[in-house]
Amino acid sequence: MRRYPQIALVIGLVASAVVSFFSDAIDGYALNILILVGINIILAVSLNLVNGHTGQFSLGHAGFMAVGAYVSSSLSLFASEPILKLLGGSGPVANNVFFIFLLIAGGVAAAICGLLVGIPSLRLKGDYLAIVTLGFGEIIRVVFQNTESVGGARGLGGIPQFTTLFWTFAIAIVTIYVIGCMVNSTYGRGFLAVRDDELAAEAMGINTLRYKVVAFVLGAFFAGIAGGLYAHYIQFITPEGFNFLKSIDIVVMVILGGMGSTVGVTVAAIGLTYANELLRDAEQYRMIIFALLLIVLMILRPQGLIGDLKWLRKRKKKTA
Amino acid sequence: MSAPLLEFDAVTVQFGGLKAVSDLTLGIADRELVGLIGPNGAGKTTVFNLISGVYTPTAGSMRYQGKPLKASRPSKIAGFGIARTFQNIRLFKSLSVFDNVRCACNLHLRHGISHALVRGGAFWKEEGEIEREAMKLLDIFELGEKRDEPCGSLSYGDQRRLEIVRALATRPRLLLLDEPAAGMNPTEKANLMTLIRFVHDEFQLAILLVEHDMKVVMGICQRIVVLDYGQKIAEGTPTEVRANPKVIEAYLGKEVS
């Protein structure tokens, strides 16, 4: 029972390898949705660490995604030759190693941004932090919009398509594993303590600022990786694609799934991505439907769709 | 008496024109049970916040185990071995009883994120140690059976006790109790007195108790310090303090002659 998370990780990785082995058999449209689902899971689960587990309301997730997307695609567009030469020329193995390097570079760049924004702004609470992170997201967007070397407002195109079903799902599973395992440990309970009562947490010897920064940086890192996956799948990125609404989309997934519930957020990421496709025909009503969904949910199930599974299980045991 | 565990040397805290604590000199010996009393607004909670690092003194100095008590964050103070409870219960509401205690064990955690991710033998060994330690504490306070209940579902008295358990899990040498008897009925108060005495003996630590209820303070404290308007007006054993005219004046006013 103890080793359960590692076994789940291995099974998940093998399953995604098997599925992607047969990915040629999957219809192109379905494949497209699957990859977007994977990317959204990474985004939602990583934002959940900040907003749900640690209770810091961040609205800048799209900004970190943009940093990851731009850094990794700039590298693959402008620095691929020397790096590939180091890896011994272009080939299937070298290409995949190169891709992982790109993703990590994007993630690290986003994490550095997270650190720079986080250390000063995480002293703020609630609404104030939301405003600062919102501002950060917009600044990032405007910076890319005005940087001609990465295409400016026209966007950056011609990015090679490295993203595969396997990488997307493998990374999504690793994200769930990392965040799930971290929170489910004595160390990780500190995140929840920070959310519940900062003053009490501090008095119990929990360095609240450090916990918040760790959550923020790790969240930003995974958002950066998701950005890299997205860029190398869509092959064309514009600053507008990472605007405020993108951040809201991710926040909606977190709230719908239930703040602090990794399972719930994953389900919500799958459901909302799919709903997005179903509502293609009703494009202009999409946001209205989402808003209604959110209002109804907040009234009926304020803890989110799934909420905390633990209490559910306990209660069942008792009644049985 | 050996060198005091905690010393206040002419400590003053000023908020604008108001001196919340002025020129306070105070000593708490190791394993002593000291009561801090005074009318509302006398500066008792300010003293607590000074010790736990929420405020810094405007003048004067504090020493803990002979070393200056200065820290960048309240969490560091907890690391020195000073734990506290709160006047209005501040448990981690969304967590279970066990997890509340587990959070406080964080302080002595040898392993961090990397071990939580690898989940190797060292990680499970340490998690096991923490679980045993937390359960031992919970069992002592008869909360062991409620380990998986959300802490909000506990009764008021249980929540107070859980707060003490949580504070003890940080392995303190000095425990600060902020009005633990607030809102309790006489039976609960009597139980609380037994409990504080028990904690004091069992865990061999010093306790500083802020309390309004005279019965509780007089009943368990070895020494009492009386504050009024931020100044120490009396100090001594419960009998001495009770007979002190200054204390009677502070609480009841002057006799009309």
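Modeller: Two strands pair if DSSP finds at least two bridges between them, and helices (H or I, at least four residues) and strands (E, at least two) are DSSP runs numbered from the N terminus. This is a predicted model, in which local features need pLDDT of at least 70 and side-chain atom pairs count only at pLDDT 80 or more, while totals for chains, interfaces and linings use all residues. Residues are numbered from 1 along each chain as its sequence is written, and chains are lettered from A and ligands numbered from 1 in the order in which they are written.

Biologist: In which sense do strand β3 and strand β9 of chain B pair?

Modeller: Strand β3(B) covers residues 33-37 and strand β9(B) covers residues 223-228. One pair that shows how they lie together is B:L36 with its bridge partner B:V225 in β9(B). Over four bridges, the sense of the pairing between β3(B) and β9(B) is parallel.

Biologist: Which strands stand at the edges of the six-stranded sheet of chain B?

Modeller: This open sheet of chain B, in which the pairing is mixed, runs in the order β6-β7-β8-β3-β9-β10. An edge strand here is one that pairs on one side only, and in chain B those strands are β6 and β10 (231-236).

Biologist: Why is one side of β2 and of β5 in chain B left without a neighbour in the sheet?

Modeller: These strands belong to an open sheet of four strands in chain B, with antiparallel pairing and the order β2-β1-β4-β5. At one end, β4(B), residues 59-64, is joined to β5(B) by two bridges, and B:Y64 stands opposite B:K67 of β5(B). Because they stand at the edges, β2(B), residues 18-28, and β5(B), residues 67-68, each have a single partner strand.

Biologist: How many helices does chain A have?

Modeller: Read along its sequence, chain A follows the pattern α-α-α-α-α-α-α-α-α-α-α-α-α-α. Its secondary structure has zero strands, and the number of helices comes to 14.

Biologist: What is the radius of gyration of chain A?

Modeller: The C-alpha atoms of chain A fill a box of roughly 60 × 45 × 45 Å along the principal axes, and 49% of its 320 residues count as buried. The globule rule (2.2 Å times the number of residues to the power 0.38) gives 20 Å for 320 residues, and chain A is close to that value, so it is as compact as a globular protein of that length. Taken over C-alpha atoms, the radius of gyration of chain A is 20 Å.

Biologist: Which helix gives the largest share of the side of chain A that touches chain B?

Modeller: With contact taken as C-beta atoms, placed from the backbone, within 7 Å, 26 residues of chain A are in contact with 32 residues of chain B. The elements of chain A that give two or more residues to this side are α1 (4-21), α7 (165-183), α8 (186-196) and α9 (198-203). The largest share, eight residues, comes from α8(A).

Notes
Buried ≥ 20, exposed ≤ 12 C-beta atoms within 10 Å, placed from the backbone. Contact = placed C-beta atoms within 7 Å.
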